[in-house]
Amino acid sequence: MTERARPAPRRTKSGEAKLEARTKTGEAKPKVQAKPGEAEPKAQAKPGAATPEAAPAADPAELARRMVEIGERSARLVNAFLEKQGRAEAPEIDPFNIGSAFLAMTQRLMADPTRLVQAQMSLWQDYATLWNRTAQRMLGQEAEPVVAAEKGDKRFKDPAWSEVAVFDFIKQSYLLTARWLQGSVREVEGLDAKSAKKVDFYTRQFIDAMSPSNFVATNPEVLRSTVESRGENLVRGLENMLADLERGQGQLAISMTDRSAFEIGRNIAVTPGKVVFETELMQLIQYEPATETVARRPLLIIPPWINKYYILDLKPQNSLIRWAVEQGHTVFVVSWVNPDGRLAGKDFADYMLEGSLAAIHAIEQATGEREVNVIGYCLGGTLLACTLAWMTAKGEADRVRSATYLTTLTDFTDPGELGIFVDEEQLRTIETKMAGKGYLEGSAMATTFNLLRANDLIWSFVVNNYLLGKDPFPFDLLYWNSDATRMPAAMHSFYLRNMYQENRLAQPGGITLAGVPIDLTTIKTPTFMLSTREDHIAPWASTYAGTQLFGGPVRFCLSASGHIAGVVNPPAANKYCHWVNSRTPATPEDWFAGAEQVEGSWWPEWQKWAARHAGGQVPARRPGDGGLVPIEDAPGRYVRAT
């Protein structure tokens, strides 16, 4: 964690007294948590919630009734938990293999006590400076902060964190300690790279969890809300927590959005189309055209099967699928099944044979076109690369005329922080869990991804839902994020071991699929690669390695923002920017140094490139016009399975 010193705003003793008075009396109104990257919304209070303007005295009888109900629900949860524990095998003591990494770090740290003492002295000097400057503020003098939160840190956005001396002291004490702790573990010498990353990651998890914003007594916004509502926020928060525990069957399944606000096929995933083909692993959706003529070569989109396809078809305003249809493409999308134990034996090759390859052959039946253009997103892009290498070995690569990879890893040398979760001990733990049911629960994957951005995807909701007692804001992207899918045991084990752990995909012939050794360097297909600068799942510098793997021409584009927002960025939103460079030098640093920044969405940039591979224009095609009879309306059965 890095902090920057910056000048404090001018403060006066009288101004602080007024702020403190407002905090006590309830004149300052609480803020509602905004959804990521957007303006702060209005409060979503439950019916009957107290408001700052009118805070009636609590009804003792009603409060007693609610507390009795809370007690009964809590008792049911405890009994269910005890029964579940009685049936379960002994839990893993250290499933993430954290202990050995921290033991190695401690041994290295104690081997150099001088450095440890120096770090401790530096921390105490910072504390002394903070105490001195806080005393100056208490006396009405100006005093610059010793440390400041990183720009964009939403935990300390409430004005009281800076304007009220007590909370400013709490905040700076936390930031100083966090900086010292993170710096101490990062500077330990002699640790292997994996252990160092693991120690750094889990130290950050501890630091994030201990933020003063996560506790009632040290969060000024929560204290203010408690005074204004006379504790109603804490009662509502307890009810919210119990509801999440019940929904998670004893595990805390934090609600990130108002799930009742969305319904697949009603207000998300609503682009008109038909399911025209299906296998055990996927349904193929063909969308209705929106133009008189369309590109001769159909466009196939292969999303990841870690989540559901409609991330690319949320609301009409931000649907990449709808936009591609409007640009004159005949769009087909793979909608993966949410597998259960019956599909435990499906491996990575099956996802290729019954997924990407089956879709390409089905498109020929539907349109009469042998050639297609293909987009692969994240894991769907990794599958696309494997498919193209397999087709090249079989002499069929000419069927795919262009390939687009969205935030896709093909060289797993440095997979970012996800690599922390893939060592031999953790893989054995995952495989043991999958052996019983035949799959990995979707919640397990969701928890892993949420840990990568714990402040945004865990602790902000703890504060909003449980401490402030507010309902989560309705947000389509977070609804999708909560709609997790399971992973078949055979496929997931193959993927983690061969790609994340051993990086065999980047080795010529390192992986064999359906009896065919594959080699990414043999792929000559024209390629467009889109990565995002703040991606925490597929770091852009790592995805860039693919430009050096493929044998054909590659166009690399870098979008601002992260793994989702950087991709789902419609032109009409006029958000973010992107960088382009016609060259692909050996390193990502050299590429970025020569790149040009372009304002707005990357979608038009891709469309200009894709138009060169369209193959001319033909009359618009509709589902059912060709050799495939529609099975059902989009979005189909598979995407609705939970």
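Guide: Buried means under 20% relative accessible area, exposed means over 50%, and partly exposed lies in between, with a 1.4 Å probe and protein chains only. The model is predicted: local features need pLDDT of at least 70 and side-chain atom pairs count only at pLDDT 80 or more, while totals for chains, interfaces and linings use all residues. Residues are numbered from 1 along each chain as its sequence is written, and side-chain values use heavy atoms, with hydrogens and water left out.

Helices (H or I, at least four residues) and strands (E, at least two) are DSSP runs, numbered from the N terminus. In a regular strand, side chains alternate between the two faces of the sheet.

Next come the strands beside β4. Two strands pair if DSSP finds at least two bridges between them. With strand β5 (residues 331-336), β4 pairs in the parallel sense over three bridges, and L299 stands opposite V331. With strand β6 (residues 372-377), the pairing of β4 is again parallel, over four bridges; here I302 has G376 as its bridge partner. Together with helix α10 (residues 320-326), β4 and β5 make a right-handed β-α-β unit. Right-handed means that, with the strands pointing away from the viewer, the path from the first strand over the helix to the second runs clockwise.

These strands belong to an open sheet of 11 strands with mixed pairing, in the order β15-β14-β13-β12-β7-β6-β4-β5-β2-β1-β17. Its edge strands, each pairing on one side only, are β15 (596-599) and β17 (632-633). Antiparallel pairing is found between strand β14 (residues 577-581) and β15, which four bridges join; H578 has V598 as its bridge partner there.

Contact means heavy atoms within 4.5 Å. Apart from neighbours within four places in sequence, L300 is in contact with L284, F332, V334, S356, A359, I360, I363, N373, V374 and I375. A nonpolar core is a set of buried Ala, Val, Leu, Ile, Met, Phe, Trp, Tyr and Cys residues joined through side-chain atoms within 4.5 Å. The largest such core has 97 residues, and L300 is among those with the most contacts inside it, along with L284, F348 and L513. Helix α11 (residues 348-367) gives the largest share of this core, 11 residues. A second, separate core has 41 residues, including I285, V333, W480 and V567.

Aromatic rings can be followed from here. Rings of Phe, Tyr and Trp (its six-membered ring) pair if their centres lie within 6.5 Å; planes under 30 degrees apart count as stacked, over 60 as edge-to-face and the rest as tilted. F348 belongs to a cluster linked by ring pairs, with W305, W336, Y351, F412, F494, Y495 and Y500. The whole structure holds 30 aromatic pairs. One of them is the edge-to-face pair of Y309 and Y310, 6.5 Å centre to centre with 90° between the planes. Y309 counts as buried because its relative accessibility is 3%, and Y310 counts as buried at 0%. W602 and W603 have ring centres 6.5 Å apart and planes at 80°, so this pair is edge-to-face as well. Both W602 and W603 are buried.

Most residues other than glycine have a negative phi, and most peptide bonds are trans. C378, in the loop between β6 and α12 (379-393), has a positive phi near 55°. Its relative accessible area is 16%, and therefore C378 is buried. T407, in the loop between β7 (400-406) and α13 (424-437), has a positive phi of about 40°. T407 is buried too, at 0% relative accessibility. In the segment after β17 lies P635, and the peptide bond from A634 to P635 is cis, with omega near 10°.

As for the chain as a whole, it has 20 helices and 17 strands, and buried residues make up 53% of its 642 residues.
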